[in-house]
Amino acid sequence: MALGSCGLQPMYAGGGSGGVARALSEVDVAAIEGQSGWLVRNALVDRLGAGQHDGGARYRLDVRLDDRVEGLGQLSNDTITRERRTLRARYQLVDVQSGAIVLDATAGSDAGFDVVNSEYAVIAAEQTALENLSQEIADQIVTRVSLRLREAK
């Protein structure tokens with residue numbers, strides 16, 4: 001049985017010209033504080049196609065991040081052997097015209113990495129974890145926003 005024959009439509013029916021894709025392109029992403037904010041915002045703009053709308057944006061996406069690194073593994077001499085980076089986002093999709101909050105939700109992910117003797121390697125691992133987490137958070141946010149906008153159609 002085809003999706004269309006049972007009354008269900010794929011979320012991105014019509015590709016880039018479909019209703020959800022058009023609605024996503026009408027979302028402006030507000031600036032987000034910090035390096036993690038810069039990474040998440042860029043990932044969101046890429047996924048949403050933000051800025052491709054002709055006039056002003058219909059929606060604004062406000063995101064606040066909580067980025068933490070904590071030690072997990074510890075040797076008897078108090079040396080940390082493993083760390084976990086956690087990135088959490090609280091976000092709101094706001095209808096620009098009415099000021100109404102269309103969606104208020106959270107997203108989050110974490111990644112673990114080993115702490116080795118090389119300070120450079122640890123910094124690189126922390127940065128890679130942040131880059132990957134930023135992509136994951138952006139994916140979660142876009143999925144939820146897409147579902148909400150599809151419901152509104």
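**Reading a helix and a sheet**

Modeller: Exposed means over 50% relative accessible area, buried under 20%, partly exposed in between (1.4 Å probe, protein chains only). This is a predicted model: local features need pLDDT of at least 70, side-chain atom pairs count only at pLDDT 80 or more, and totals for chains, interfaces and linings use all residues. Residues are numbered from 1 along each chain as its sequence is written, and side-chain values use heavy atoms, without hydrogens and water.

Biologist: Which residues of H2 are buried?

Modeller: An α-helix has 3.6 residues a turn, so residues three or four places apart point the same way. In H2 the buried ones are Ser 36, Gly 37, Leu 39, Val 40, Ala 43, Leu 44 and Leu 48. They cover an arc of only 165 degrees around the axis (taken from the directions from the helix axis to the C-beta atoms), which puts them on the same side of H2.

Biologist: What do the buried residues of H2 pack against?

Modeller: They pack against helix H1 (19-24), E1, E2, E3 and H3. Contact means heavy atoms within 4.5 Å. Helices (H or I, at least four residues) and strands (E, at least two) are DSSP runs, numbered from the N terminus.

Biologist: What is the strand order in the sheet?

Modeller: Strands of a sheet pair through backbone hydrogen bonds, either parallel or antiparallel. Here the order is E1-E2-E3-E4, in an open sheet with mixed pairing. Two strands pair if DSSP finds at least two bridges between them. The edge strands are E1 (27-29) and E4 (101-114). E3 (residues 80-95) and E4 run antiparallel, joined by 13 bridges.
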